[in-house]
Amino acid sequence: MKLLKKRKWLMGSFIAASLLALSACGAADNSTGDTKEANHAGQKSGDSKYHIRVGYLKANGAPLADIADYEGFFKKENLDVEFVPFNSSTDGVNALQSNKIDVGLTFGTTTPLAFIAQGADLDIVGGHMEGGHPVYIPKEDIGKYKSFADFKGKTIGVVPLGVPDVVFKSALKKAGVDLEKDVKFVEFKTVANLIDAAGARKVDIAFGNSGFLSKAKSLGLEPFAWSNDVQPGHVCCRAVTRGDISKTDSVAYKKFLKGLIQAERVKQDSPETALKASKERIKLDDKTVNEIVNEKHLVNSADPSKKQVVKLWDEMKQLGYLKDGANVDLNKHFNLKFYEEALNELIKENPDDDYYKKILERYKQQNL
Amino acid sequence: MLKLKQYSITFFIAVGLVGIWVYITSFTSWVNPVIFPPVSKIIDAFVKGFPDLLKGFVSSMGLLVPAIFLSLVLGIGGGLFFGLHQKSREILSPFFHTFSPLPPTLFIPYAIALLPTFKLASIFILFIGAFWPIFLGTIQGIALIDNHYWDNTKTLGIKGKDFIFKVVLPASAPYILSGTGTALILSFIVLMMAEMFGAQSGMGHFVQYYTDFSQYDYVLAGIIFNSIIILAIIVAFEKIKKRILFWMNLKSE
C-alpha cells in the first residue's frame, strides 16, 4: 500500500512537472528566440515602435547589426531588433521563407542564390560581408605553390556550395585546372571540420572561411591566398528578405538598413567598438572575436553590390551548381529601394557630411 | 558493501581514463593540443562556461520535459491502441517501419515552416526522436503478453479501464519502460539537432556552438557536463523503473 502511494506520488509529480513545462512553451522565451508580440516585420499594433526579426549564422555572427544595436542606431529609429541564431544557412533561409524571421543577414550568398534558383521568392536588399576567405596550406609547403595552377594533383578540402568553394574553384578553372581530372575534392560539412582535417594533414589544401585564422595557424596552416586577391570585391553574406513585403512593413526594413549603413562607418573608424559590440553575441575570447570581426581581409559593407552578386551567380552556373536555375531571372530578385531610401534619408539628415554622398557614389557604381 | 566495491572499480576506471588523457596531452607530443586540449584547459573552460551550462540545462529541460511527456502520452496511448487492434496495426505498420528509422534532422525544415515558434519546432524534433521507441516498445510489449493473462482476463470478465490499467499496461510495462529508456538516451542525441535553430542557450547548443569554432576545451567541458546530467537522469530512471517493475525483482540499479 505504502509502495503504491509512493508510486502515485511519483507519477503525480512527473505529470505536474510536464504540464508546467508545457505551459511554459506558450510563454515568451528569449532563449529560444521566440517572438514576443509582432509576428512579422513592421509596426506593433497600438505602438509607435517597429519590429524586425533578424536571422544570423552563429559561426558568422552579425557584426554590423551588433554595432548598430550597440551604438543605439536602431533605438534612434524606434526599431526593435530581435536576433535569431541558426547553425545552418539552409535552416535559416527556410525560416525566412516560412515567415519565422524577416531578414537573413549572414546566411552567405550562395545558399540564398541556390534557393532563388529553385524558385524561392527571395530578394537581396543589402549587404553585410565581402571577402575575407583564405586558402590554407601546411606551413611546410610554403614556397611549394606559386599559383592555383600548381594545385594540380592535390587533394583539396572544401565546404560545398560555400562562397569560398565557388570563388576558389572558379580561380582554379581560370588557372587552367580541370576540376574533374586534375584535382581531388574532399567535402566537409563544417569549416571547423575542414580546418581540423587540414591540420591533421588529411588534405593538402583547404578552401577555408573567415574567422579561423589563429586556429588554423595553431594547427600549422598558413594562408596561401585570400579571396579578395583572387576576386576583388567578391560578395559574401547578403541581407535577404521575402519578396512579398507590404508597404507598411517596408518601413522597418528601411530603418534596419539605415542602422547597418551607419554601423559600417563605425566599423571602419573604430574596430575596437566593433569588438565590444560583437563580444555580447560571440561568446569567445577577445582575440578570437577580434579575428572574426576585424580581420583585415574581411570587409563589412551594407551595400547590396548587385553586380558582384550577378558575377557569383554566373560562376555558380558555370560550376554546375545552378542547373535548375538556368531560366530564373536574377534581376527580379533584387529589391534595392530600402537601401536607396535609407541612404537618401541619411544624406538629408546629414547635409554637411560627405561620407554618405561617397557611399551613394559607391552604390551607383556597384549596383546600377 | 558489494555495491560500494563495485562502484569503487568504476571510479578507478574513470580515474585511469583521465590519467591516460593527462599523460598523452601533457607529457607526450603524440596528439595535436588544439583537438586534444590538456585537462587543465578543460577544467578552466568548465569553470568559465559553468553559468552558460547551467542556463543551458534549464532551457534544454524546457524542451526535453514536454517532448518526453508528449512521447509518453502519445507513444503509450497509440501503442495501446495499435497493440490491441491487430487489423489497424497491420494496415499502418508499413508506415511505422518507414517513418521510425528516419533521422529527426530531416523534419527540421517542416517543423520550422509549420509550427508557430522555434521552441515548438525544437520540441517537435525531440518528440520525433523519443516517440518511436516508446510507441514500438508498447506494441511489442502487448504482442508478447503471455496467453495465460488473456485467458484469465476473459474468465474473470475484466473489461474497460481495469483491463487496460490492471492487465495490459502492467504486463507490457517491461517493454514500455525499455523503450522509454532508449527514448531518453536518444533524446539527448537529438537535443544537438533540436537546438541548432533559434536557441540562444542549451546543453546541445553549447557543444554545437563551440564545435563550430573548433574550441575543443569548451566542447569537452560541455560533453562532461552533459554526461553528468545524462548519468543522473538515467540512474533516476532506473530507480523508477525498478519500483514500477517491483514484481520482476530487477537487479539493475
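Q: What makes up domain 1 and domain 2 in the domain assignment of chain A?
A: Domain 1 of chain A takes in 42–129 + 235–367, and domain 2 takes in 134–230; such bounds come from an automatic or database domain assignment. Please keep in mind that this is a predicted model, in which local features need pLDDT of at least 70 and side-chain atom pairs count only at pLDDT 80 or more, while totals for chains, interfaces and linings use all residues. Residues are numbered from 1 along each chain as its sequence is written, with chains lettered from A and ligands numbered from 1 in the order in which they are written.

Q: Why is A:Lys181 called exposed?
A: A:Lys181 has 8 C-beta neighbours inside 10 Å, so the label is exposed. This lysine is found in the loop between helix H6 (163–174) and strand E8 (184–187) of chain A. A:Lys181 and A:Ile116 are 65 residues apart in sequence and 30 Å apart in space, C-alpha to C-alpha.

Q: Why does B:Asn152 count as exposed?
A: B:Asn152 has 12 C-beta neighbours inside 10 Å and therefore counts as exposed. B:Asn152 is part of helix H6 (residues 147–156) of chain B. Between B:Asn152 and B:Asn32 there are 66 Å in space, C-alpha to C-alpha, and 120 residues in sequence.

Q: How many helices and strands does each chain have?
A: Chain A comes to 15 helices and 11 strands, whereas chain B comes to 9 helices and 0 strands. These are DSSP runs numbered from the N terminus: helices are H or I with at least four residues, and strands are E with at least two. From the N terminus on, the elements of chain B run α-α-α-α-α-α-α-α-α. The C-alpha trace of chain B spans about 70 × 55 × 30 Å along its principal axes.

Q: Which residues touch the most other members of the largest nonpolar core?
A: That core has 158 residues, and A:Val54, A:Ile195, A:Phe256, A:Leu257, A:Leu260, B:Ile125 and B:Leu126 touch the most other members. Helix H5 (residues 118–143) of chain B gives the most to this core, with 17 residues. A nonpolar core is a set of buried Ala, Val, Leu, Ile, Met, Phe, Trp, Tyr and Cys residues joined through C-beta atoms within 7 Å. Beyond its neighbours within four places in sequence, B:Ile125 is in contact with B:Pro104, B:Phe107, B:Ile108, B:Ala111, B:Val190, B:Met193 and B:Ala194.

Q: What describes the packing of H2(B) and H7(B)?
A: Helix H2 (residues 39–84) and helix H7 (residues 160–194) of chain B pack at an angle of about 145°, with their axes 9 Å apart. Axes are lines fitted to C-alpha atoms, for helices over the stretch in contact, and angles run from 0 to 180 degrees between N-to-C directions. Residues that meet here include B:Ser60, B:Leu64 and B:Ile68 in H2(B), and B:Ile164, B:Val168 and B:Ala183 in H7(B). The contact divides into 13 nonpolar, 4 polar and no charged residues.

Q: Which elements of chain A touch chain B?
A: Between the chains, 40 residues of chain A are in contact with 36 residues of chain B. Elements giving two or more residues on the chain A side are helix H1 (2–26), strand E3 (79–86), helix H4 (89–97), helix H7 (191–199) and helix H8 (213–218). H1(A) gives the most, with 9 residues. The classes on this side come to 18 nonpolar, 13 polar and 9 charged residues.

Terms used: Two residues are in contact if their C-beta atoms, placed from the backbone, lie within 7 Å. Ala, Val, Leu, Ile, Met, Phe, Trp, Tyr, Cys and Pro count as nonpolar, Asp, Glu, Lys and Arg as charged, and the others, Gly among them, as polar. A residue is buried if 20 or more other C-beta atoms lie within 10 Å of its own, exposed if 12 or fewer, and partly exposed in between; C-beta atoms are placed from the backbone.
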